[in-house]
Amino acid sequence: MKNILLIPDSFKGTMSSEQICSIMDRAIKRHYSDAKVTSIPVADGGEGSVDAFLQALGGEKRIVTVQGPFGQLMESFYGIIKGDTAVIEMASCAGLPLVGDELRPDKTTTYGVGQLMLDAAKNGCKHIIVGLGGSSTNDGGCGAAAACGVVFKDKDGNAFVPTGGTMDQVASIDTSELDPALKQVTITTMCDIDNPFHGTNGAAYIFGPQKGADPEMVKVLDSNLKSLAGVILKDLGIDVQAIPGSGAAGGMGGGMAAFFSSTLQMGIETVLDTVNFDSLLKEADLVLTGEGKIDGQSLRGKVVIGVSRRAKKAKVPVLAIVGDIGDDVEGAYDEGVTGIFSINRVAVEFKKAKGRAPEDMEKTIDNLMRFTKQMGL
């Protein structure tokens, strides 16, 4: 084998995607010292996405002072890759860790995310990737939109910046004042869930509690999202409730589609497009991917399946290196996975397996490379 692609997801709470790539690379080079090994750390849109893209493609990290979750000034950042593509983590200025113990999804804002987008556009970026994940907010993306020039007015005609607790006061929305710098930019939103904007499976009910909303606040937040959706439909002609993933990040998925005409895309599809994965496959002999656990949920289009579907078209074999293997994974083979291998070498509880994971990962890859080399591959 002369050309191997590494594109694993992180093993949540155990090993990062970057760490896994490093381990795999080391084990492969032990047996195929002349092989070209290309590492593509996977970014899912949450914390670490900017660094993952920068590691995979190179580029620069830009530091910007913006508003934090409660409007306070703070230093945030975004990455610039491929010369004119910006990668933004909304969590970098609207993330849950930034609020500490002050969990108030009715008051937090995504305003800073909009400031990052605007800064990227004004600095010549023609494509902006916004990763949704780990948010402390439930403002439907109104804060980000307001930062970029979208005007929200109450019934008395007064402009204001809505938050989760005040979205019901929005009587009209005007996107005509969107900053001109953004009108020439293509925006892609990384979104790995399909929850609707509002309702029992929507942003407030499903994700509100982890952001600090008690049952009563959940009802208010959901009602306010429903009210906002009605105004969006009235003024912008967009039914955000019908968009899969509109409930992501406190409704920011819907806001990105409505206020910025953004496409919502699975994180792995965004990664594959951005790194030109289809072109890399043309020279590849093998792809190694993986995730902490593969099961029936993985078939919805997570990392392993997203990678395998493309590799199947290019007729490149794919090995999935995972922690746990569920009982309902047979469908993965139809999607292009050649083989699934667990790194769990001994039967121990997760607490112990977690500590062994890096070493077990390396031994598993070493074992597979011994096999492929013996077979003359």
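Colleague: What's the volume of the largest pocket?
Modeller: About 1300 Å³ in this predicted model. A pocket here is an open set of points on a 1 Å grid over the protein atoms alone, where a 1.4 Å probe fits, with protein on both sides within 12 Å along at least five of seven lines. The volume is the space filled by probe spheres set on those points, which are joined across faces, edges and corners.

Colleague: Before I go on, what are the ground rules?
Modeller: Numbering runs from 1 along each chain as its sequence is written, and side-chain values use heavy atoms, without hydrogens and water. As the model is predicted, local features need pLDDT of at least 70 and side-chain atom pairs pLDDT 80 or more, while totals for chains, interfaces and linings use all residues.

Colleague: OK, and what about the second largest pocket?
Modeller: About 220 Å³, lined by 14 residues, with Gly292, Gly323, Asp324, Asn344 and Phe350 nearest its centre.

Colleague: Which element gives the most to that lining?
Modeller: α13 (350-374), with four residues. Helices (H or I, at least four residues) and strands (E, at least two) are DSSP runs, numbered from the N terminus.

Colleague: Switching topic: which residues touch the most other members in the largest nonpolar core?
Modeller: Val113, Ile128, Phe259 and Phe260, in a core of 55 residues. Such a core is a set of buried Ala, Val, Leu, Ile, Met, Phe, Trp, Tyr and Cys residues joined through side-chain atoms within 4.5 Å. Helix α7 (residues 215-236) gives the most to this core, with eight residues.

Colleague: And Gly245, buried or exposed?
Modeller: Buried, because its relative accessible area is 0%; the cut-off for buried is under 20%, and exposed is over 50%, with partly exposed in between (1.4 Å probe, protein chains only). Gly245 sits in the loop between α7 and α8.

Colleague: What is Gly245 in contact with?
Modeller: Cys191, Ile193, Asp194, Asn195, Gly253 and Leu264, leaving aside neighbours within four places in sequence. Contact means heavy atoms within 4.5 Å.

Key
On a 1 Å grid over the protein atoms alone, a cavity is a set of points where a 1.4 Å probe fits but cannot get out, and a pocket is an open set with protein on both sides within 12 Å along at least five of seven lines; lining residues have an atom within 4 Å of a point.
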